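Dear colleague,

I am passing on a structure that I have been reading through, and I would be glad if you looked at it alongside my notes. Please keep it open while you read.

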Amino acid sequence: MAELIFTKNFYSKSGKHIKVKYILLISFLFLMNYKKEIPNVEWGNPHAAKDMFASQYVDQDIQQWPQLPADKMVPGFAAGMDDLAQIVLNNKFKTKFNRNALTLPGAEDWVAKKNRTIKDPSKYWVAGLGDLNKDGVKEVLIKDGNGNVRYINGWHLGKTTHNMDKAFQEYVEQYGMPTARMQKKAQGQIPGKALSHMYFMRSNLKQDPDNPDGPMIPSDTLVKAGYKSRAPSAANLFLTYVVKECYDDALNQVTQDVQTQKMIKKICSVIQANAIVYKIYVTSEAIGYFNNNNISEKEAKKKKSGQQVSPFSYYCLRRVEQIAGDANTRENITNFIRDRLLTRVSTDFKYEPAAAIYSNNPEDIENGAWDGKHIRPRKTTNVPNINAYINNAGGEPISGNNFLNPTPHYYNRNNFGNNQAKPITEQERQTIQNLTKKQFVNYLNNDNFVQKFVPNYVTFDQASQTFAATGEGGPIRIFLDDVRDAIVNSWDYNTLKAHVMERETNGQQPPQLTNGLVQQVEQQLNQIPEQQLQNPVLVRNNNAVRRRVIQPQS
């Protein structure tokens, strides 16, 4: 290492003498080794040298990625909602997700494609791993050309489209709320695709008859939502008027096989072909034209005040117009797409279908193909294997089955574990006691009445259409008057059970409804107007009365 030390004298404004010693350390060998250790460095490019040095000698977490401070909760917001409110309300963004940036290889591939469109290497985007919050788990990060983090594990921010999203949702809700829309679609009352966003836009945009290739005319709904209609670009017009037809002709010349055509379209689509051909036949000529006139591409793309388009766009539009009307150029484009694009795809790739993993063919299903049904079979046996279910659940073992209901077909709309009566005032007691059988049956179909007065141990068996009292020792069958007696006398389960047992011991028959009363109730139900039967609540009550009053008699 060579060391050079020298001094220099300075004088201040006051005339005082100042001696300054400069020490310069120059190491030729160090510099040579530095260049040697770091391969492929463009030493004339300071950005490349800096980035390469950082990648070789500096911790990337410290060099590339900022540190995320600890999150501070704002009172009144659920966890993370304060941050989301800042993004949505104050920054006017919305969260978006790029699946291709979820892994590091995917993020690097995405960044590489983006950097192909950036001419200044110092503005290249970078993908890497970094632990922003220092929790020991590295995130997949992407920073832009200014060094700012833009993607975190695939999540990023996009400009808000709240007003347009709201306008679309209001349009959808014209067909009703979700349940109503589902019912209308099932009944065929909503046309197919009517709820799609594409149909919504189609319904609110119309072509300008005076300028058919210009901007579409938006409806008042879109205008209020802030929608701005744009004219198609020169590339869009080139695709519509030139490349689509040339692409189809070239594809048919390459092959007539349908599967091979599908393969080619997926590998080299008409959109990709349009981008390649447009660059060769339009933008390259535009750049050459302006360069020959000593005008840079950047300057040509500037739109001056009062101009509808920039000079560069104007040239491209005129060039597209010229090519669309020139049959020879269109034929050259067809040949180019055929020979340089599609033929190569058909030569380098062959369509060879893989074994079916999804099929409705019984033979394919037998060989292991998926038939598209639910992943878990709906039912493997007549009775679920609960022992295997519990034994694999882990935790402390459960012993004893005495808590199981021996007659599980009994349905209880309340809690059958409560054996007590419900509180009732003297006035309520007298009112219920004075009800006729028909009135009492109607009251039992009122959920509010049942919840307030009927004891929780009273159940109704849907299979046999009978009442029961469920408690210790199993359920016992009871009748309509037993339910009323339990309510007005505030009987608990044991008292009602003793009453029923005493009646059965003495051989007494429970009170029955007379045939005349049953016929009267059935006649009244049959006379209900058809219009009222559209009321679901009334239909439910009528059906319950038929089950509890008419059917038991028959």
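What follows is a short account of the salt bridges in this structure.

This is a predicted model, in which local features need pLDDT of at least 70 and side-chain atom pairs count only at pLDDT 80 or more, while totals for chains, interfaces and linings use all residues. Residues are numbered from 1 along each chain as its sequence is written, and side-chain values use heavy atoms, with hydrogens and water left out.

Side chains of opposite charge can pair when their charged atoms come close. A search of the whole structure finds 13 salt bridges (a side-chain nitrogen of Lys or Arg within 4 Å of a carboxyl oxygen of Asp or Glu).

One of them joins R330 to E245, with the closest N and O atoms 2.8 Å apart. R330 lies in helix 15 (residues 327–348) and E245 in helix 10 (residues 234–254), so the pair ties together parts that are 85 residues apart in sequence; helices here are DSSP runs of H or I, at least four residues long, numbered from the N terminus. R330 counts as buried, at 15% relative accessibility, whereas E245 is partly exposed at 45% (buried means under 20% relative accessible area, exposed over 50%, and partly exposed in between, with a 1.4 Å probe and protein chains only).

Another salt bridge pairs K113 with D109, at 3.4 Å between the closest N and O atoms. Both residues belong to helix 5 (residues 104–115), where they sit 4 residues apart, about one turn of the helix.

Best wishes

Definitions and conventions: Helices (H or I, at least four residues) and strands (E, at least two) are DSSP runs, numbered from the N terminus.
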